[in-house]
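Please look at the sequence and the structure first.

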Amino acid sequence: MQKAGAKARWGGRIRDLLFSLGVLAAASGICLLLSQVNDDNNPFAMAVFILAVAVISSRTSGYWYGVGAACAGVLCVNYLFTRPFFQFNWSATGYPLTFAAMLLVSIIISTLTTQLKRQEQLRFDMETEKLRANLLRSVSHDLRTPLASILGASSVLLEQKNLSSGERDELARDIQKEAHWLIRVTENILSVTKFTGSDVKLKKEDEAVEEIVSSAIVKFRRHHPEMSITVKRPESILWAPMDATLVEQVLLNLFENAAAHGKNANTIQVSILPEPGRAAVVVEDNGAGFSPEALEHLFDGLQPAGTGHSDNRRHMGIGLNVCRSIIRAHGGEITAGNGREGGAEIRFWLPREEEEEQDE
């Protein structure tokens with residue numbers, strides 16, 4: 001484990017070094033091209049290399065790559081793009097002050113960029129810890145009740161020998177239902193742990209949104225045949241790059257929440273909408289909708305039980321938190337509200353490529 005970590009760190013350092021050298025080489029190339037227009041590159045060479053330092057500072061780890069690029073940039077400008085060319089000259093009038101100012105500006109940019117990156121990383125770490133805390137709280141709630149139900153039903157089956165076949169079947173169905181819920185919760189927990197990493201890479205392929213919706217509906221109906229689902233489809237097939245398995249999990253979570261928490265809901269409507277630059281999906285139910293208290297913490301795992309679109313048995317913390325993590329990892333967004341007829345409405349969209357829109 002330690003060897004793997006050290007190897008990864010050295011690999012990262014080598015990548016940062018090669019990237020820095022590549023940016024400096026590109027800056028030199030740009031200035032050489034500009035020198036064909038003006039043989040005195042000092043007015044714009046410094047600006048090009050300062051921009052190179054900003055790029056290096058923003059794309060590498062640590063402070064020293066930016067500082068090193070700043071020093072290298074000063075030397076390059078002095079040696080390549082300041083008269084006399086291809087030799088160092090620090091004695092000409094104004095040059096020492098000019099290059100000192102360039103070095104100072106470059107180092108300041110590098111320092112500010114590094115601090116900004118560290119602040120962003122700290123913010124990400126805080127959000128990750130918050131997500132983990134919410135996950136533990138949600139797990140303690142969502143796992144305790146179904147496990148207790150399974151234990152109680154199995155104990156009755158073992159201890160009560162005089163149960164009728166109908167009663168035994170009902171207990172077996174309860175165990176199956178609770179086991180299905182535990183499977184869904186486990187899948188969501190695995191997804192949450194996956195998306196708490198800072199380097200999430202999705203395997204996206206162009207998929208027909210309608211096919212993903214249809215696949216999710218088939219799986220949902222196996223356990224909720226009583227719920228009616230209708231789909232509004234666009235006139236032509238809507239394609240979007242995605243990880244099909246993860247987006248299907250998002251849809252299953254939304255369907256499960258409508259069935260479990262939609263008060264008096266017995267119908268779900270799914271609308272597939274083509275929009276400029278993105279593909280949108282809207283999931284609505286005909287229940288009582290979300291309360292203001294529920295909407296406030298709907299996607300952050302802090303959904304209080306027993307408020308609006310919820311119940312005292314299970315809450316939506318893990319499932320909808322996973323939905324938001326998956327959609328944002330795709331570059332999209334998910335929102336929630338109440339529809340015109342009062343039912344709950346959750347909408348998410350995925351970015352689409354321009355070529356796909358033109359093909360339609």
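## A buried phenylalanine

Phe348 touches Val250, Leu251, Leu254, Ala279, Ala280, Val281, Ile327, Glu333 and Ile334, leaving aside residues up to four places away in sequence. Touching, or contact, means heavy atoms within 4.5 Å. Phe348 sits in strand S7, residues 344-351. Phe348 counts as buried because its relative accessible area is 1%. The classes are these: buried is under 20% relative accessible area, exposed is over 50%, and partly exposed is in between, with a 1.4 Å probe and protein chains only.

Cys323 is 25 residues from Phe348 along the chain. The C-alpha atoms of Phe348 and Cys323 are separated by 9.2 Å.

## How to read the model

This is a predicted model, in which local features need pLDDT of at least 70 and side-chain atom pairs count only at pLDDT 80 or more, while totals for chains, interfaces and linings use all residues. Residues are numbered from 1 along each chain as its sequence is written, and side-chain values use heavy atoms, with hydrogens and water left out.

## The chain as a whole

The protein chain has 10 helices and seven strands. Both are DSSP runs, numbered from the N terminus: helices are H or I with at least four residues, strands are E with at least two. Of the 360 residues in the protein chain, 40% count as buried.

The accessible surface of the protein chain is about 20,100 Å². Carbon and sulfur atoms hold 57% of that surface. Accessible areas come from the Shrake-Rupley method with a 1.4 Å probe; for residues, only the protein chains shown count as cover. Now take the contacts between residues at least 6 apart in sequence: 70% of them join residues at least 24 apart.

## The five-stranded sheet

Five strands form an open sheet in the order S2-S4-S5-S7-S6, with mixed pairing. The edge strands are S2 (228-232) and S6 (333-338), and each pairs on one side only. From one strand to the next, the twist averages 15°. Such angles run from 0 to 180 degrees between N-to-C directions, and the axes are lines fitted to C-alpha atoms, for helices over the stretch in contact. Two strands pair if DSSP finds at least two bridges between them. In general, strands of a sheet pair through backbone hydrogen bonds, either parallel or antiparallel.

How do S2 and S4 pair? They pair in the parallel sense, over five bridges, with S4 covering residues 267-275. Ile229 stands opposite Ile268 in S4. Val231 stands opposite Val270 in S4. Val270 also stands opposite Val283 in S5. S4 and S5 (residues 278-285) run antiparallel and are joined by eight bridges. The two strands S4 and S5 form a hairpin with two residues between them. Gly277, in the turn, has a positive phi of about 80°.

## Rings and a charge

How many aromatic pairs does a search of the whole structure find? It finds two. Tyr79 and Phe86 form an edge-to-face pair, at 6.3 Å centre to centre and 85° between the planes. Rings of Phe, Tyr and Trp (its six-membered ring) pair if their centres lie within 6.5 Å; planes under 30 degrees apart count as stacked, over 60 as edge-to-face, and the rest as tilted. Tyr79 is partly exposed, at 31% relative accessibility. Phe86 is exposed, at 53%.

Arg278 lies over the face of Trp349, at 4.6 Å from the ring centre. A charge sits over a ring if NZ of Lys or CZ of Arg is within 6 Å of the ring centre and within 35 degrees of the ring normal.

Helix H1 spans residues 2-34 and holds Cys31. Is Cys31 buried or exposed? Cys31 is buried, because its relative accessible area is 0%. The C-alpha atoms of Cys31 and Leu80 are separated by 9.2 Å, though the two are 49 residues apart along the chain.

Helix H6 (residues 209-223) is the place of Ser214. Ser214 is partly exposed at 28% relative accessibility. Val218 is partly exposed at 48%. Ser214 and Glu248 are 34 residues apart along the chain, with 9.3 Å between their C-alpha atoms. Val218 and Leu252 are also 34 residues apart, with a C-alpha separation of 9.9 Å.
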